Amino acid sequence: MHAFDVLGDPVRRRILELLADGERAAGDVAGAVRGEFGISQPAVSQHLRVLRESGFTQVRAEGTRRLYAVAPERFREVDAWLDHFRRFWDQRLDALGTELARGRHHARRETDDE
C-alpha cells in the first residue's frame, strides 16, 4: 500500500498522532479512537494492522499487551518524497517571515515616534 493511501485515512492519522506522544497499548489506542470515531474495536485493530504492515508503526509484546509505537523510517521516506515539493511552500514561508519582520520594524518605529 502506498504511504499516502495509508496516511489518507483520518482514523490512521489519529492513531499516529496518539503514538507520536510515545508508545501506547493497543487497548488504549482502541479506546481513544473508538470514542472519537465511533468505530468498533475490530475496526481499530484493522487500522493498527495496516499501519504495522505498511511500516508506519512497530509493535512489541509485553505479557498479554501489545505496545505500539511510531516507526520513524517510513516517515523519513515520506519526508524525502515531500522534499521535491518544499520549494513551493518554503518561498512563501520566507516571504511571510520577511513581511512579519517589516511589520514589527514599522510598529517599533511608530512607538518610538510617539
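View 1. Arginine 60 has leucine 67 of strand 3 as its bridge partner. The structure in this and the following views is a predicted model. Strand 2 and strand 3 (residues 65–70) run antiparallel and are joined by six bridges. Two residues lie between the strands of this hairpin, in which glycine 63 adopts a positive phi near 65°.

**View 2. Salt bridges around glutamate 62.** Side chains of opposite charge can pair when their charged atoms come close. Glutamate 62 forms a salt bridge with arginine 60, and the closest N and O atoms are 3.5 Å apart. A salt bridge also brings together the side chains of glutamate 62 and arginine 65, with an N to O distance of 3.5 Å. Glutamate 62 has a relative accessibility of 38% and therefore counts as partly exposed. Arginine 60 is likewise partly exposed, at 39% relative accessibility, and arginine 65 is partly exposed with a relative accessible area of 41%.

**View 3. A salt bridge within helix 5.** The structure holds eight salt bridges, and one of them joins the side chains of glutamate 73 and arginine 76 at 3.0 Å, N to O. Both residues belong to helix 5, where glutamate 73 and arginine 76 are three residues apart, about one turn of the helix. Glutamate 73 is partly exposed, its relative accessible area being 46%. For arginine 76, the relative accessible area is 48%, so this residue is also partly exposed. Elsewhere, salt bridges with shared partners connect Glu23, Arg60, Glu62 and Arg65 into one network.

**View 4. The aromatic pair of phenylalanine 4 and tryptophan 81.** The model contains three aromatic pairs. In one of them, phenylalanine 4 and tryptophan 81 adopt a tilted arrangement, 5.0 Å centre to centre and with 55° between the planes. Phenylalanine 4 lies in helix 1 (residues 3–7) and tryptophan 81 in helix 5 (residues 72–82), so the pair ties together parts that are 77 residues apart in sequence. Phenylalanine 4 is partly exposed, at 32% relative accessibility, and tryptophan 81 is partly exposed with a relative accessible area of 43%.

**View 5. The aromatic pair of phenylalanine 56 and phenylalanine 75.** These two rings, of phenylalanine 56 and phenylalanine 75, form an edge-to-face pair, 5.0 Å centre to centre and with 75° between the planes. Phenylalanine 56 sits in the loop between helix 4 (41–53) and strand 2 (57–62), whereas phenylalanine 75 is in helix 5; the pair thus links distant parts of the chain, 19 residues apart. Phenylalanine 56 counts as buried because its relative accessibility is 0%, under the limit of 20%. Phenylalanine 75, at 30% relative accessibility, counts as partly exposed.

**View 6. A cluster of aromatic rings.** Phe4, Trp81 and Phe85 are linked into a cluster by ring pairs.

**View 7. The largest nonpolar core.** This core has 18 residues, of which Ile15, Val29, Val33, Leu48, Leu51 and Phe56 touch the most other members. At least two residues of the core come from each of helix 1, helix 2 (10–20), helix 3 (26–37) and helix 4. Helix 2 contributes the most, with five residues.

**View 8. The surroundings of leucine 51.** When neighbours within four places in sequence are left aside, leucine 51 is in contact with Val6, Arg12, Ile15, Leu16, Phe56 and Thr57. Leucine 51 and two of these partners, Ile15 and Phe56, are among the core residues that touch the most other members.

Conventions. Residues are numbered from 1 along each chain as its sequence is written. This is a predicted model: local features need pLDDT of at least 70, side-chain atom pairs count only at pLDDT 80 or more; totals for chains, interfaces and linings use all residues. Side-chain values use heavy atoms; hydrogens and water are left out. Rings of Phe, Tyr and Trp (its six-membered ring) pair if their centres lie within 6.5 Å; planes under 30 degrees apart count as stacked, over 60 as edge-to-face and the rest as tilted. Helices (H or I, at least four residues) and strands (E, at least two) are DSSP runs, numbered from the N terminus. Buried means under 20% relative accessible area, exposed over 50%, partly exposed in between (1.4 Å probe, protein chains only). A nonpolar core is a set of buried Ala, Val, Leu, Ile, Met, Phe, Trp, Tyr and Cys residues joined through side-chain atoms within 4.5 Å. Contact means heavy atoms within 4.5 Å. Two strands pair if DSSP finds at least two bridges between them. A salt bridge is a side-chain nitrogen of Lys or Arg within 4 Å of a carboxyl oxygen of Asp or Glu.
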